Amino acid sequence: MVVSPVLLIAVPLLLAFIAPLCGKAAKYIPPAGALFNLILSVILIPTVLKSPMIVSIGGFPPPFCINLFVGPLGIFFAALISLAGFLISIYALSYIRERAVGKYHTLYLLLLTGATGVVLTGDIFNLFVFYEILCISSYALTAHNAHWHRHGTEAAVKYLIQGSVGSAFILLAIGMLYGFFGTLNMADLAKHIARAHSSVLFIPLTFFIAGFGVEAAIFPLNAWLPDAHSVSPAPISAIFSGIAIEIGVYAIMRVVFTLFGAPLSVMSVLLIVGLLTLLVGEICAFRQNNIKRMSAYSSIGQIGLIVFAFGLATKSGITAGLFQITSHALSKILLFLTIGYMIYSIRMKNYPDKYVTEIEINSLNGLGKKMPLTSLGFAIAAFSLIGFPPFIGFSSKLLIVKAALLKGGIYAVLMGIALIATVIEGAYFLKVVQGIYFRKGEVEGIKENNVFILVPFFILAALIIFAGIYPGILTKILNSSSGELLNRIGYIGRLPG
Amino acid sequence: MTLKILLLTAFGGAFVTYFLGKVSSKLRNYFAVFVSLTLFVAVACLYGKSAENFSYFKFFGNTLVLRVNSLSWFFAAAVSAFGALSVIFSLDYMKGKENLDFYYMMMLLVNAAMLGIVFAADLVSFFVFWEIMSWSTFLLISYSGKNALPAGIKYIVMSLIGSMAMFFGILSIYVNFHTLIISEIARGIVSASSGYKIFILVLFGVTFGIKSAVMPLHTWLPDAYTESPTPFSAVLSGMLTRMGVYGFLLFFYVVAGASFFFDIDAGISKFNYILCWLGAITIVIPTFIAMLQNDAKKLLAWHGIGQGGYMILGIAFGTSLGLAGGILHTLNYSICIVLLFMSVGAVEYRCGGVRDLNSLGGLIKKMPVAFAGALLGISGLIGLPLTNSFVSKWLIYKTLILKSHPFLAFAALIGTWGTILSVYKFLHNNFLGELPEKYENIRKSPVSMQIPIIILSSAILLFGILPGIPLKVINTIITSFGFNSLNVNLWGIASETGTLNTINIFTAILIAGSVIWMLFRVGKKSFPVTQDDNYAAGAYVPAGKYNYTADFYAPLFKIVKPYLMDFADKFFGWLCRVFTGFSEGVRKIYAGDVGYYVLYILFFAALLFFVQSGGKSW
Amino acid sequence: MVIKLIALPLIAFVIGIFFLGLFRKITARIHRRYGPPLTQPVIDIIKLFYQKSVSHGRLFDFGIIVSLAGSLAVILFLPFAGICPLESSGGLLVIAYLLLFAPLGIALSGGEAANPNISIGISRKLILSLGYEVPLILILLAVMTHYKTISIAQIVSMQQKTGWAVFSAPLFLSGISYILILPAMLGVRPFDIASAPQEISSGVKVEYGGKFLALATIEHAFHLFIGISLFVNLFLGGGNVFVFFLKMIFVFIAGVFVHSVFPRFRTEQAVKYLWGWPALIALLGLVLAVTVK
Amino acid sequence: MDRNKISKWLKEPDKMSGKYSLWALYFCTGCGIIEVPPVLTSRWDAERFGVIPVATPRQANLFLITGYVSVKTLRAIIRSYEQMPEPKYVVGFGSCPINGGMYWDSYNTIKHLDKYIPVDGWIAGCPPRPEAIFVAVTHLWTLIDKGMAKGYVKYREKYELYRRNQEKVLGTLEWPPLFPIKDDGK
Amino acid sequence: MIFYIGSFALVLTGLYIAAAKKNLIKIIMGLSLVDTGVNLFLISIGYIKGGTAPIFSNAAIPGKTMVDPVPQAMVLTAIVIGLAVTALALSLVIKAYYHYGTLNVRKIKELKW
């Protein structure tokens, strides 16, 4: 083993605090950090697929120390996070140029750190800490440019209040678990829980789900999401939508599957909640006039689909959920980035001295001719989210439906209901696509010529299409990831000593 | 392997066309025509070949396969032919419009996707191509902007509902039979329970019902046909909508198998009779609604629905004759409607985009070729003897009568009379009657429009006089479904109970015509007059000043109009409004008050708590 | 065969013209007039051939030829007293479709003339035909379903075994309905709305003069022949030449009586009538034909 | 009446058929038309001579000008006459078309119809009795037989003259000349 | 036991404040109360009545009487996090007041639906 996965967390954390010192060069630090993480995690993938890596920190042997558990799931998420982080930070190079620039980079790196930490750690309290890092940087990023941005502040306050309640729940649950079993190591906890026959264990589980659920944006804990996603600048929306909420889902699933062994009652609740989230998200998105808010609600819907897939609690279901996470991350990031660029261009043209992060759908009319590549990116992202082949969204939908049908019975019926959401999604996204390409707008003198902004589009679009045509490249890592989630015994068995 | 190359050419050609357009528009046009013609030639070369299961790709560990047999060849040939003709027609029609690179790319893409559909031998590739077709169609429908946009949305929403149903069905099949390859499913499905059969057939029925616009699911079609660019309307009506028919054939007769399909008892009636009746309703109501239309393309669009009913009826009825009639009618109808759309396109092109039947007229003198096309087109649509549709309709009627289903036959026949009325209005108001003064100086349609019109017109006559040409292919299709072979000869059907001999009819009419012509020549030579020289109670009224073709069937409307509402459209509209209101309501959940949000969290936690404490299942 | 092919149209022509003359004569007698000679239609036709007509264009000529050729072709497919040269080519369905040529041809021909009266006439004609096709199709279907064939020759031969269809239990309702719609099929009063001379200057024929009108008159004669002979074939059991002719005359005279005493319907009245009792009876007849074996 | 003479039919079918199939244009110009319905209906039954009213000039070959002709009507008369197929015959009915009759000094009535269209025969009377119509018809038969009812030929030959007369009264006519006018050098 | 009851009482009070109060400052105080309650809960898990500090250098004290150090470490972390959150929250509240001119959450409702 040449490199340590600790670096995945340490480097961005370090860079986060170096960034403010760098002055003008600060903006190159997030891409550098994310690229480092990306390369590192990709290098680690083959090793991890052979056997998970466990890194103990502080010299104590597990379960007494804080340890990192770098399994396929963790490394998959780490790679996804760093990929998203890298592309978004390239985009942000020229997008985030005004006002609170320095703070942005620090917070951004902190967010990446938090996210990476959550997925890599093997210790429940450590998970909480990283989760809090993620959350606090999210609150702050939401309020990016709070001084000029009225809605950003409002969204951040609301997000913060809900998030804090959720965090308190998590901490409470951790305390209870510690009170019961006297350990914080997840493998150890899982071992104890598997043996225990306590009838009160459902209390921490409840608190965990309710707590992580806030970040995961499951219905009805997701009221912050449309606000926060819609008002923050495009890269931030993208990282929220593409990464942050998926981390919430990851946390729920880690707790539910690994710690508590996926009891049926919880899984069915999650399934229903996922379905509700999906439907409510799509239905709300259907009537939005604000393009970013619409996309935000669409994120809720997609999360619902992910939770639904996980709620099936079968291997194929989890694989499908993970695939959907990938597909949603790629597509939604592309969607938010393209929307962001459109908003940016319109804003620069029409009111350059105002700070605008959201815009009416009608304002995008006719942009297809002025910004062909961006519009193409938007269309690809939207098509992928709807689930049209040959884009990646199709593959993930295929896997989810297949998983639900494999489980059969009532699950198949619920899946049928879930598919209605796709129709709604198609309706509102395609209306926007139509507007961009076929409506006449008053946009004049807008050009797209910023390479830093366009390059992420290319990469994301290429990934979406490539992974849509060859979904096989993901199946191996996703299969072993889902295996990791389901194989509780194996997880416990990794515990040294 | 050739199929793979064929599809690669089709898809690649579409994208190359786009980029060529950036270089030179002329080059792009030639290339588009070249690609579409190449595809046609390539498909034509596959005639008579039958090869199963070329694997060409792996998707999630499933091998995706292609195949060619008589069924797919039949549809592929039609698709590529109409595609090529539409592209040729586009050359002049689309001249000077915006976004032409995109337009040609999408035309070729739709074409390619349809080829993919008919060549697909496994359900995933079928679905993938189906969806590519759906969204590229959506983009093309929306191409014209303005009114086209709601039409596009309507299309894609209906289409998505259908695709989702199919998606569900495909994966259900996959999960149950562990294979996606059609021939293997066909073997596996024999053992399925009858409830499952109905479930699957209903799912696919919805999908293909939407695509081929069976009556309660047709509402996307009139708008979509009307608002898309006319060459694409031709493709849309000609082949794309008929992919639904292909789907019916594929799923009912190949996947499910004929015996499977007919053995199902769906409660009151047999499944296929339900479908038959849907087909019958689809014939009658739309053809009568078509009479009410004043937009030429909308009128044709309603016929698109109505004629689809014949195909469904013939196919679902499921006798050799009915099946042959249904499949043959698919081809025949497509020829006619493509031709009619092209005539409308030519008129539209010359008259500055006017399609309003109340303001056109008398164009026969100015655009004889377009008129000839329209005349043959409507004759075909009606099913006059010596045009192609006569044969297919005859087959359908005959099987309905012989199997003692006179009520279905009544629906089919009365639909024909509805067709006569509405298409005659189309012809009359476009080409006959007074020529308005403003169209005094319009010119003939350009050559690129005339070529497809002439080709299709001659096809109508050829297949009408020698129906054996397509019937021979269709015969192999229906025998491959396990039906009795028809006794087909070049000029019709020779079977025991009532034969059809188009040569006789042709000869009879030819002889009668020449006799009458000689009689006509015996009379004194008439002298030509202009359209101004008309009897108008002794007054001189220059033609074109007044238009008596507006509101052509006014007396009839007084009677039928109350009964001819598009109830399905109203229902769906109501559903949309309800859904919109509902979604407005649901949005209110996110009330903006953080106190509520915190309460939501608490409630959620409480609910979970409650549920968990109730079911301590671990 | 060839003799039949030549003879049948001639017979039809003679009978049709005879009917036209008879028509005028009987009408006149009912009006208590002396009336024209029976040969008057022939005189008219000869005169018309000598007149110099106007032509509005190619389609104007072509349409009338198509119209008459269509009627002529129908005659070849329609058995007259067992004479039917082309019976094996599609049966009743082909006839039902070939019948379309005549109105379509005239409509096309008139259409090119750009006369508003023609537009109205075509519209009325088509509406009327839709009106009577509804019961007519039901009737034809009842007959075809009952005899399980689409060949008229077979229908006739079966009737000769079992008796007239109009008096047989399963088909008598259809027969009644056919009688009710026969005036509309023949285009006589009260259903001559399409050619109403007083309202729309004889509708489609308003621009016809000379040989065009002559051909249209012949077409009308053929049309009378076809409509009546179809009824005789389907419901009155055919017969040999003489019997067949007698039956035709009988039916025809009944039609003329109706013609002579009724005023003209308005278009919507006609359609309402046709879709009322005749259609209802025809529907019941079809149900009867399906149920009663 | 030689309607049933086959030999004559074989010799001159055009004249014979023209004689016994006179289709009259149903055109009411003045009070004389009041006498036409009795002629056509049961009382006198013109149909027995082959005379029937038709709806349009395209089908007619007999033009009855039944009564006075105002200037406004003249336009319609000329139009209708020109639309009738040849051979065609015009019969002036009553004294008004002949010389103006009781409208002899009216500023708005045509006095001599044959200045504007060729008239093959006249029926005097104010108005004439229905029987006079039969007399006129039989007279017309003789004229046709003798080849004297050639008004339409005259119209063709002297079209220029007629057209000039017409335009003198009516001003410029909207429709183009029926026959080519040779010297257009006005 | 009293600690547990007390801590839960604190949590519930805090949640009530967060859910029911209109003033943003009060809500944040409520959140702080929740935090405090949770912290108290954590401490009381590790607390042993009459226990000593967990310092192993003094071998005389038996391990059993030592209070568990892990919850204390957790609480320390949690306090830091809570502090950060509160600080951020208050600064955001200042901004919110600056933009909206009110602290009433019923009036800060521009983002909804």
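Two residues are said to be in contact if their C-beta atoms, placed from the backbone, lie within 7 Å. By that rule no contact joins chain D and chain E, whose closest C-alpha atoms lie 71 Å apart.

The structure is a predicted model, in which local features need pLDDT of at least 70 and side-chain atom pairs count only at pLDDT 80 or more, whereas totals for chains, interfaces and linings use all residues. Residues are numbered from 1 along each chain as its sequence is written, and chains are lettered from A and ligands numbered from 1 in the order in which they are written.

**View 1. Which chains touch, and which stay apart.** Among the six pairs of chains that touch, chains B and C have the most contacts between them. Chain C and chain E, by contrast, do not touch, and their nearest C-alpha atoms are 55 Å apart.

**View 2. Chain B as a whole.** Chain B holds 24 helices and eight strands; helices (H or I, at least four residues) and strands (E, at least two) are DSSP runs, numbered from the N terminus. The radius of gyration of chain B is 26 Å, close to the 25 Å that the globule rule gives for 618 residues, so chain B is as compact as a globular protein of that length. Here the radius is taken over C-alpha atoms, and the globule rule is 2.2 Å times the number of residues to the power 0.38. Along the principal axes, the C-alpha atoms of chain B fill a box of roughly 105 × 65 × 55 Å. Of the 618 residues, 61% count as buried, where a residue is buried if 20 or more other C-beta atoms lie within 10 Å of its own, exposed if 12 or fewer, and partly exposed in between, with C-beta atoms placed from the backbone. Among contacts in chain B between residues at least 6 apart in sequence, 78% join residues at least 24 apart.

**View 3. The two domains of chain B.** Chain B is divided into domain 1 (267-294 + 312-516 + 541-552) and domain 2 (588-618), with bounds that come from an automatic or database domain assignment. Taken over C-alpha atoms, the centres of domain 1 and domain 2 of chain B are separated by 63 Å.

View 4. Three strands of chain B form an open sheet in the order β5-β6-β7, with antiparallel pairing; two strands pair if DSSP finds at least two bridges between them. The edge strands are β5 (488-489) and β7 (500-501) of chain B, each of which pairs on one side only. Two bridges join β5(B) to strand β6 (residues 492-493) of chain B, and B:Asn489 stands opposite B:Gly492 in β6(B). Leaving aside its neighbours within four places in sequence, B:Ser485 is in contact with B:Asn475 and B:Thr479.

**View 5. Where chain C meets chain B.** The contact between these chains takes 67 residues from chain C and 61 residues from chain B. Helix α6 (residues 116-147) of chain C gives the largest share of the side of chain C that touches chain B, namely 16 residues. By class, this side of chain C has 39 nonpolar, 19 polar and nine charged residues, where Ala, Val, Leu, Ile, Met, Phe, Trp, Tyr, Cys and Pro count as nonpolar, Asp, Glu, Lys and Arg as charged, and the others, Gly among them, as polar. Strand β8 (residues 527-528) of chain B and strand β1 (residues 54-55) of chain C run parallel and are joined by two bridges, and the bridge partner of B:Phe527 in β1(C) is C:Val54.

**View 6. Helix α3 of chain E.** Helix α3 (residues 69-100) of chain E has 32 residues and reaches 45 Å from its first C-alpha to its last, close to the 46 Å expected at 1.5 Å a residue; the expected span is 1.5 Å times one less than the number of residues. Buried residues in α3(E) include E:Pro71, E:Ile81 and E:Ala96. What covers the buried residues of α3(E) includes α5 (124-142) and α6 (150-181) of chain A together with α2 (24-46) of chain E. Just after α3(E), E:Gly101 takes a positive phi of about 70 degrees.
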